[in-house]
Amino acid sequence: MIKKLSVAKGIYWVEIPAADLRILCGCPMDSVKHLIKCGLIIATEKNGVPCETGPNAILLSDVMLQNGEFSNLGEFPVLQMLYKQGLILPNHPNNTGQKPLLIGMAEQVDAQMQYIYRGNYGLVSTEELIAAGATPAMAREMMRLKLRFAFGAIRPTHELLDTCIVDADAVEIRNGVMIRRQAPNIYTFEYKNESVLVDLNLAPEERYASAYPLNFQRLPREYFAVIHSGEGDGWDINRPSMSSILMFQGKIYLIDAGPNLFANLLALGIGIDEIEGVFQTHAHDDHFSGVTTLMRAGHKIRYFATPLVRTTVEKKVAALLSVEEERFQDFFKIHDLEADVWNDIDGLEVRPVYSPHPVETTIFYFRTLWEDSYKSYAHCADIVSLDVLRGMIVDDPDRPGIDQAYFDRIQAEYLAPVDLKKLDIGGGMIHGVARDFKEDRSGRILLAHTARELSHQEKEIGSNAPYGMVDVLISGQSDFSRRCAFSFLQEAFPTIQLHHLRMLINNAIVDFSPGMLLLKEGQVPAQIYLILTGMVEKICTRNDSYSRLSSGVMVGELTGLYGLPSDATYSAACFVRALRIPVALYEELVHRNNLMVRIEKTTDQRAFLESTDLFAEGVSQQTLGRIMDAIQIRHFEGGELLSCKDLAALNLIYSGQIERSVSGERVGVLAARDFFGEENAIFNTPCLFRLTTLEPVVTFQIPGELVQNIPIVRWKLFEAYLNRAMKVVHSGDGKGSFRWNTVFNIRILEMDTHHKKLVQIANAIIELLRSGEDRGSLESAFETLVDYTEHHFIAEEQLMERYGYPALRAHQEKHRLLTSQVLRYRERLNKSEDLRQHDFKGFFTDWLVKHILSEDRRYGTFLNAQGIY
């Protein structure tokens, strides 16, 4: 009998008791918490040994992202299987030798294996630590500690987990259970005469569900305060994982970005675009997996971490998305912090201190000047029990462990007195305990990072904090809301006279409770609302469109100016604060400052941009203005093949339809409000498809540099690009385009990612040669191929040199030969009259693929032996 249960959006449970298979289908953030809430994970005993029930296999999503969030986060489900069920524990009755199983497409399984590896260990060698900024002495000290946590050896993920790769044909999972991939993200399980179907796809507007309800909070902005946004851990089914939010001079700073961050911020009435920065303690999922929410802001959020922590996060994101590590910095304004010293962040001082943990981790001390001293807060996430740390002291500096001086230093840091201190008391091997802080002289101690109630002994030391509670360290005397309104209006209207700005901000500031309407569809607005805090939903069921608006957006501006009925309903998604501006006053000041001409000129363009998925949310008026100033309107005739020049910009289709094809076969049709050209304009990759107009087409062409630094737009483009690229690279027909095969993997994540990018570029060249009509695009594609090849070879040689690869010099010679070969091939193409006669796929196979299968696999094996994957 096959048992199937719907657990939550995008998560299912499939159980075949006769085959001893319990499969978690879909593992987005907090999937373990959903299983616990459904009673599919419960505490039990086996042969008198405490343990938990739960899955023994995971089916991964086909796609890495769904609606902007990670689809596959197997770290905590794997930890639950290995440790809480006991599948890896010595002498545990559940440790039968059968490993947990990852099921899915090769690309997703490989990505999860790499991501879990980084989640287990972080940086895995002294060479990696030094490359990330550690001194040699510090790197050796950290590796000794890391090896002690790892029981003496860093183990590759394939030693802990088994895999089952699903491709075109049905495959056996275990014990006669078969799985078949029916369509993207749709699978059937078959056992004997039964079968069930599982669909892991989310609808376009769906989000993965939070495992716990959160009550809406109304939070005034303070000068220096701590909002308690999470006191639980990765197993707590009732509370968010340990986190805090700092308010400093009215600005918002997050400490960590844990699961369900969007729902957390929404409940607290904080819009994404209000966030100034995020401080990252470490890269475990319960502190990291909400980072995609921050990548979808309208501005680059400042990212504060030490170089070692940032590097670990970059490697984990690179594994999850199969992209280069440096792509992380496309979405954040990176601000590396120096450990053990006070770093000044616009008056907020922060001192990160490395804390013992299996991955690179810092605790944070914050302070700011006040009166004759400082006010201070310490955020101590994922610390370690002093008893556990004391047990790691060894005299031999070559053995895994620590010395007495290291222990004394950590103990002193943990007990440093502050006004307010939040502590991890999760216990066990890698978390803290409250009793270590019995003599702590801090003004107030909060106990967090646990799923249980506090004991009486713990309550003698500290207390917990209800969700949304605020500890005010310095009360705010300024009107932060009006200051915020002035900043938004000045940015939107840089030429408006100062006294007119003051007139606008002197209007009433009003509050809306969750669900209250700011403006109804069909209503002619008498007031314009400038959103200052919180999030507003824009709903138009007539067009089946939905978006969320955050701070800096004006509701009812255009319809108010023109006296038109609103085309959408605007509803408060949480507690919202807004500046209410009478339409009559706004209209008068617009005319007095000669702004109406520009507004009238761009009204249609702005309405169209705001109706598209790319620009419907998160883009400020000033940014939209710059985009509209740069737009070029392009007209195409029916049956026209799009050229290199047109693909160098991001194109939004205003009207008409365009066919996308690969190898002469249609793979899709683009229509109004769709986009193309992001490959070249944003990601510096030739277009992966042949694009032909099916009828007269009008597009808005936007220079790529204008949207590259708008994270939410870049993220949406990246998600679409990733899905399109994966289809081409991993689903090539084998005749025309080149198909990536898992045999090409050398098991070094960074280099495998580079090789896949080269395959993408090669497929674009194959498509251009097949048509033989666009020499400009072909030359641009070859230039990209040469440039990326050089970038790849340099990175590869630096990696080999870092680890002392003995055949480095010979490998460098082969790289020089490969570079000269591709340059000669390009020269032959430039002289050729008929481009279609050239077999670039054959050249690419001989040129690079054979090199990967022979030379690159050798250094891959060499590095794998040193724990580098």
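Helices (H or I, at least four residues) and strands (E, at least two) are DSSP runs, numbered from the N terminus. By this definition, R327 sits in the loop that joins helix 9 (307-321) to strand 20 (332-336), and the secondary structure of the whole protein comes to 26 helices and 42 strands. The model is a predicted one, in which local features need pLDDT of at least 70 and side-chain atom pairs count only at pLDDT 80 or more, while totals for chains, interfaces and linings use all residues. Residues are numbered from 1 along each chain as its sequence is written, and side-chain values use heavy atoms, with hydrogens and water left out.

**Overall form**

- The radius of gyration, taken over C-alpha atoms, is 28 Å, close to the 29 Å that the globule rule gives for 869 residues, so the protein is as compact as a globular protein of that length; the globule rule is 2.2 Å times the number of residues to the power 0.38.
- Along its principal axes, the C-alpha trace of the protein spans about 75 × 70 × 60 Å.
- Where contact means heavy atoms within 4.5 Å, 72% of the contacts between residues at least 6 apart in sequence join residues at least 24 apart.

**Burial and the nonpolar cores**

- Of the 869 residues, 60% count as buried, a term that means under 20% relative accessible area, whereas exposed means over 50% and partly exposed lies in between (1.4 Å probe, protein chains only).
- A nonpolar core is a set of buried Ala, Val, Leu, Ile, Met, Phe, Trp, Tyr and Cys residues joined through side-chain atoms within 4.5 Å; in the largest one, which has 184 residues, F615, V707, F840 and F844 touch the most other members.
- Leaving aside residues up to four places away in sequence, F615 touches L609, E610, L624, I627, L652, I702, V707 and V713.
- A second, separate core of 27 residues includes Y365, M392, F437 and L447.

- F151, in the loop between helix 5 (136-149) and strand 10 (162-165), has a phi near 60°, a positive value in a residue other than glycine, and is exposed, with a relative accessible area of 69%.
- N185, in the loop between strand 12 (177-183) and strand 13 (186-191), has a positive phi near 70°, but N185 is buried, with a relative accessible area of 1%.
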